[in-house]
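Biologist: I would like to learn how to read a structure like this one. Could you take me through it feature by feature?

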Amino acid sequence: MKTYINQNDRQILCLSSPIRKVALWHVTKRCNMECKYCYGTFNGSSYKKHIIKKDFDLESMLKVVDFLEKSGTNRIHLCGGEPFLYDKFYELLRAIHTTGMQSFVLANLTFLPPYIEKLFSEHLISNLSFSLDSLNEEYNLFVRGAHDIVINNIEMVLHYNKYYKSDVEIGLYIVATRKNLDYLIPLIDWAIQKNIDYITLQAVYLPQSHEYYKELSLTHTDVLQLERVFDYLVSCENKIRVSGSLLRFITKTLISKEHLSVENCFVEHNSQYFFIDGTGNIKTCTTKENIIGYITNKEILQCNNNPPNNICSEFCLDCIGIWEMVYPKEVNSIITQM
Ligand SMILES: C[S@@+](CC[C@H](N)C(=O)[O-])C[C@H]1O[C@@H](n2cnc3c(N)ncnc32)[C@H](O)[C@@H]1O
Ligand code: SF4
Ligand code: SF4
């Protein structure tokens with residue numbers, strides 16, 4: 001099945017079926033941080049406010065692992081909230097490892113769990129990524145609330161990876177906002193110098209009603225500068241892996257022009273992607289209510305998937321992260337620009 005991206009009823013891109021089957025799993029809704037732009041703040045709440053809530057027990061989580069394995073998932077992206085806050089995270093990663101599925105962990109690295117060294121010495125994960133949006137202390141403290149501790153923990157993680165010859169890919173997740181565009185090129189240079197394996201650069205996505213929409217969201221006036229950063233990133237491709245050209249194209253189009261709609265989004269049609277939220281809903285799309293199951297403390301309740309919409313007009317900057325997961329850079333060549 002092919003996915004078409006349209007703008008003003010004109011088809012601008014056609015994507016082949018993705019070849020990866022992935023899940024994005026928010027193993028917890030809890031977080032120790034309260035970043036200004038975080039998804040957790042969208043309904044006026046925050047993941048930090050969930051800090052005292054209880055996560056699912058390990059038994060329920062293992063049922064999810066079983067469900068994902070049976071559905072042919074190859075890779076699980078584990079985040080949240082802050083995944084290292086899930087108290088049985090080590091056990092969960094071991095269980096995933098036993099099935100042969102890959103674990104990709106994305107964390108804020110404001111703290112390291114006691115078992116961090118074992119993740120490397122026991123080769124339990126394929127990838128560990130961290131979020132860092134600049135090397136500017138003032139910016140980091142304003143937007144994310146932490147700086148020095150994160151840089152120190154990154155050094156620690158890089159050290160374990162080298163020491164145990166673990167071959168865990170280390171990734172840097174950067175969120176571009178109106179306020180950090182000047183800091184992005186020095187951050188890219190730093191990542192190269194630290195031998196980080198790849199960089200994902202994504203633009204902040206905020207609903208228009210969000211408190212920081214005006215201050216942080218990118219608009220058409222920022223596109224030239226963002227383009228310069230993307231160009232610089234591409235010029236570093238021989239030194240570090242970077243997000244695919246398709247995603248750069250879509251990001252720029254979305255920021256500079258208006259809305260895109262998507263026909264036959266693979267997300268809705270063939271469950272190539274699962275999103276599991278922190279309250280136990282299993283969905284095929286992060287942004288829609290098309291629930292296919294619920295995690296309970298006893299079992300996974302299957303329910304009927306809502307019929308997919310042929311045309312989705314909700315495509316936004318937030319979808320790009322999903323697409324990035326299922327379209328590896330290698331398949332960019334089979335994406336045809338119309
Ligand atoms: C929700 S966090 C969860 C993992 C972990 N707590 C962290 O911060 O890395 C996953 C990623 O989404 C990014 N993110 C959060 N809110 C975002 C937003 N509104 N737009 C774009 N990216 C966002 C974060 O910076 C992080 O890289
Ligand atoms: S650390 Fe991650 S989950 Fe926590 S508030 Fe920041 S972006 Fe959100
Ligand atoms: S909102 Fe979901 S279904 Fe619509 S384009 Fe984005 S990922 Fe696809």
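Biologist: How many of the six residues of S5 are buried?

Modeller: A residue is buried if 20 or more other C-beta atoms lie within 10 Å of its own, exposed if 12 or fewer, and partly exposed in between, with C-beta atoms placed from the backbone. In S5, five of the six residues are buried, so the strand is mostly covered. Over the chain, 35% of the 338 residues count as buried.

Biologist: What sort of model is this, and how are the labels assigned?

Modeller: This is a predicted model, in which local features need pLDDT of at least 70 and side-chain atom pairs count only at pLDDT 80 or more, while totals for chains, interfaces and linings use all residues. Residues are numbered from 1 along each chain as its sequence is written, and chains are lettered from A and ligands numbered from 1 in the order in which they are written. The chain has eleven helices and 16 strands. Its radius of gyration, taken over C-alpha atoms, is 19 Å, close to the 20 Å that the globule rule gives for 338 residues, so the chain is as compact as a globular protein of that length. The globule rule is 2.2 Å times the number of residues to the power 0.38.

Biologist: Which strands does S5 pair with, and in what sense?

Modeller: Strands of a sheet pair through backbone hydrogen bonds, either parallel or antiparallel. Two strands pair here if DSSP finds at least two bridges between them. S4 and S5 run parallel and are joined by four bridges, with Ile76 opposite Ser103 in S5. S5 (residues 102-107) also pairs in the parallel sense with S6 (residues 127-131), again over four bridges. There, Val105 has Leu128 in S6 as its bridge partner.

Biologist: What is the order of the strands in the whole sheet?

Modeller: Eleven strands form an open sheet, in the order S9-S8-S7-S6-S5-S4-S3-S11-S12-S13-S14, with mixed pairing. The edge strands, S9 (241-242) and S14 (300-302), each pair on one side only. Helix H1 (residues 58-70) packs on the sheet, touching S3 (22-26), S4 (75-79), S11 (273-276), S13 (291-295) and S14. Contact means that the C-beta atoms of two residues, placed from the backbone, lie within 7 Å. The direction of H1 makes about 45° with that of S14; axes are lines fitted to C-alpha atoms, for helices over the stretch in contact, and angles run from 0 to 180 degrees between N-to-C directions.

Biologist: Where do antiparallel pairs occur?

Modeller: S12 (residues 281-283) and S13 run antiparallel, joined by three bridges; Asn281 stands opposite Tyr294 in S13. Three bridges also join S13 to S14, again antiparallel, and here Gly293 faces Gln302 in S14. S13 and S14 form a hairpin with four residues between them.

Biologist: Which residues are closest to ligand 1?

Modeller: A residue is near a molecule if its C-beta atom, placed from the backbone, lies within 6 Å of it. Ligand 1 has 17 residues around it, and the closest are Cys79, Asn108, Ser131, Tyr173 and Tyr205. S5 and S7 (169-176) each supply at least two residues of this shell. For classes, Ala, Val, Leu, Ile, Met, Phe, Trp, Tyr, Cys and Pro count as nonpolar, Asp, Glu, Lys and Arg as charged, and the others, Gly among them, as polar. The shell around ligand 1 divides into twelve nonpolar, four polar and one charged.

Biologist: Is Lys165 buried or exposed?

Modeller: Lys165 is exposed, with 9 other C-beta atoms within 10 Å. Lys165 lies in the loop between H5 (148-163) and S7, and has a positive phi of about 45° although it is not a glycine.
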